[in-house]
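The following exercises are to be worked with the sequence and the model at hand. Each task is followed by a solution in steps.

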Amino acid sequence: MGKYLNPGNDAFNEAISSQIYVDKSGLIEYTNMIIGTMQKNLCVSRPRRFGKSMTAHMLAAYYSKGCDSEKMFAGLNISGCGSFRIHLNTHNVIFLNTQRFLSRESSTSGLVEKIESELTKELREAYGDCMEAGDGRLVSALENIYEKTGDKYIFIIDEWDCIFREKKANTDIQSGYLDFLRDMLKDQPYVELAYMTGILPIKKYGTHSALNMFDEYSMTDPDGLAEYIGFTGEEVQNLCRDFQMSFSETRFWYDGYRYENGLHIYSPKSVVDAMRRRRFGSYWTKTETYEALRVYIDMNFDGLKDAIIMMLGGGVIHIDTGMFQNDMTTFASKDDVLTLLVHLGYLAYDPENALVSIPNEEVRGEFVRAVRTSGWPVMEAIDVSEKLLENTLAGDEQAVAEGIEAVHMESTSILNYNDENALSCVIALAYYSARNYYTFVRECPAGKGFADMVFVPRKGFPSRPAIIVELKWDKSAEGAIAQIESRKYPESLTEYKDNILLVGINYDQKSKKHICVIKSYN
C-alpha cells in the first residue's frame, strides 16, 4: 500500500468503527456499472461536512489492490450485489486530497508541481522499469506505464475544488490546475473511473468547462445520487429511534434539503452530533463563522436583501441557477449569489420549481446572526417578536395589530408594502421568536382547505396552545375567523382539543391599517 497509489482501507475502517455509521455503500453499485464506460467520470459536489470524504474513502477501500476489505463490507448493502466480488480490491487506485497538497505548499503556483512530484515518485517505486529515466511529468509516466503493462487506474480526488475556494482571485493558478486535471483524465486509456468530490460544481470558463467530460451531481441537480451524500429522512428516523431522540425535533432543526420523489437530505455532521450529545443545537454551522455568510448577503445586488428578508419570514424565492460561473468571485446578479449559497448549504433548492428557501432552524439562526451584525432594520422586528407572541397568547388584539403594523411599516423600504406574499412574510417575521416554542407551517393542509399559518407546539411545550392564523386583504379580521371555523381548520389539531387560538388579521390597503381578532376555539 502507498500514500497515493492503492492507499488501503484504514480511513474507511475508522468510519465504520465509529459510534454512528450510516451505510452508503449503495453508491458502489453505480460506480461498478460505469467503470470503463463513457460515463466513467463523475463529480459530486455537496456542502462541507456532508459526508463527501467518507464516500471517497469508502471507494478507495473497496477498489484498492494490496488490501483485503471483504470483512469491512460484509453485511453492507453492496455485499448483496452481483458485482460485489468482481471489483472488490481488484483495481489500482490513485487517491488525491487536493486540500492537503494546498495546505502544505507555501507557494500556490507550486501546487500542480507538488502533486506531480509526489505521484511520480511513488509510481517510480512501483513501476521503476516502465518509466523513462528523466520522466518527471505525471501524465507521461502514466502513459508509459499503460503502454508497457496495460495497467489502468481509478482516480479518486477529494476536495478537488479547494483552490477555487481558498485562492478565489488567482485565476491563473486555477486555469493551470484545471488544465492539469484535463490532461491527466480526459480521453486517457489508463482511466477506468474518475470520482471527484468538492463543494462547488466544475468551474466554467466562457461557454465551456475545461472538464466537460464529467457528469455532475450537485446541490442544484443531485439526480440519482442524492441519497448517497448526506443522510436521508429514513436513515435519520432510524437513528432517532436507536438514540431515543425526537424525530420531529430533528426535522425542525436539520431537515430542509428536499429533492424529487419526496427525498429529504440532512447534514450528517448535525445529526451525528445531536444524537451523540443527546441535545439539539447548531453543529454544522459552527464549523464556519457567520462572517463567511455575511460577506455574500451584504453584496449590493438589486433584490438580494429583499430575498433574504422574505426567506427569513419563511418565504421562497424564484432563481435562475444557469448563469452561475461555479466560483466564489464572479457574480452578475442576486441569483448568482443565491446559487452559491445553495452549493454552500445555506439555502435549499427545489429543482422542480426553481425555488430557494432557508432549509431549517440551524441555518436560519446563522442568517439571523449575519443580518444582526450587518445592522439590517428588520432585526428590530425579530427582537420584539417575543412580546408580540405574549400579546397574542394574552388575547390583546389591539397590541397585536399595532405590533404587526409596526413591523410592516419598518419593512416598507425592503419589501413591497402592498403585496400579499410580503404581508405573509411580515407576519412570519413578527412572530419569529415563536419558533422557539412552535413548529411553524405555512399553507398547512387543514379541514376543507389550507390554513395560512399554523403554529404547532414543539415537544417540551405541551401546555402552549396551538395557533391558527388566517390573513385577509381588504376584507375583515372577523371574516378570517369565520373562514377558519367554516372550513374546519382546527380539526387537523384535534390532539390540542380546547387549547387552540384562532387569529384573524386583516390589512386595509387604502388606510394601511391592520385589524386583529383573537378567539379561543371550543
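**Exercise 1. Identify the side chain with which the side chain of S246 makes a polar contact, and describe the surroundings of S246.**

Step 1. The side chain of S246 makes a polar contact with the side chain of S248, at 3.0 Å. A polar contact is a pair of N or O atoms within 3.5 Å; within protein, one must be able to donate a hydrogen and the other to accept it, and residues adjacent in sequence count only if both atoms are side-chain atoms.

Step 2. A polar atom of the S246 side chain also lies 3.1 Å from the backbone nitrogen of E249.

Step 3. S246 is located in the loop between α11 (233–243) and α12 (247–254). Helices (H or I, at least four residues) and strands (E, at least two) are DSSP runs, numbered from the N terminus.

Step 4. Once neighbours within four places in sequence are left aside, S246 is in contact with C240, F280 and K459; contact means heavy atoms within 4.5 Å.

Step 5. S246 counts as buried because its relative accessibility is 11%. Buried means under 20% relative accessible area, exposed over 50%, and partly exposed in between (1.4 Å probe, protein chains only).

Before continuing, note the basis of these values. This is a predicted model, in which local features need pLDDT of at least 70 and side-chain atom pairs count only at pLDDT 80 or more, whereas totals for chains, interfaces and linings use all residues. Residues are numbered from 1 along each chain as its sequence is written, and side-chain values use heavy atoms, with hydrogens and water left out.

**Exercise 2. Determine the strand order of the open sheet of five strands, and state which strands stand at its edges.**

Step 1. The order is β2-β3-β4-β1-β7, with parallel pairing.

Step 2. β2 and β7 (215–217) stand at the edges; each has a single partner strand, so one side of each is left without a neighbour in the sheet.

Step 3. On average, neighbouring strands of this sheet are turned by 15 degrees against each other, direction ignored. Axes are lines fitted to C-alpha atoms, for helices over the stretch in contact, and angles run from 0 to 180 degrees between N-to-C directions.

Step 4. Two strands pair if DSSP finds at least two bridges between them. Strand β2 (residues 92–97) pairs with β3 over six parallel bridges, and V93 has I154 of β3 as its bridge partner.

Step 5. β3 is joined to the parallel strand β4 (residues 191–198) by five bridges, with I156 opposite Y195 in β4.

Step 6. Strand β1 (residues 41–45) pairs with β7 over three parallel bridges; the partner of V44 there is Y217.

Step 7. Helix α2 (residues 26–34) lies across β1, β4 and β7, and runs at about 140 degrees to β4.

**Exercise 3. Explain why strand β3 is largely enclosed by the rest of the structure.**

Step 1. Six of the six residues of β3 (residues 153–158) are buried, so the strand is largely enclosed.

Step 2. Both faces are covered: Y153, F155 and I157 are buried on one side, and I154, I156 and D158 on the other.

Step 3. Among the elements of the protein, β3 has the highest mean pLDDT (98), while strand β6 (residues 208–209) has the lowest (60). pLDDT is the predictor's confidence in each residue, from 0 to 100. Where pLDDT is low, the predicted coordinates should not be read in detail.

**Exercise 4. Trace the pairing of strand β15 (residues 449–457).**

Step 1. Strand β14 (residues 438–446) and β15 form an antiparallel pair over eight bridges, in which T439 stands opposite V456.

Step 2. The hairpin of β14 and β15 has two residues between the strands, and G447 takes a positive phi near 55 degrees.

Step 3. β15 also pairs with strand β16 (residues 466–473), in the antiparallel sense over three bridges; V454 has I468 as its bridge partner.

Step 4. β15 is mostly covered, with seven of its nine residues buried.
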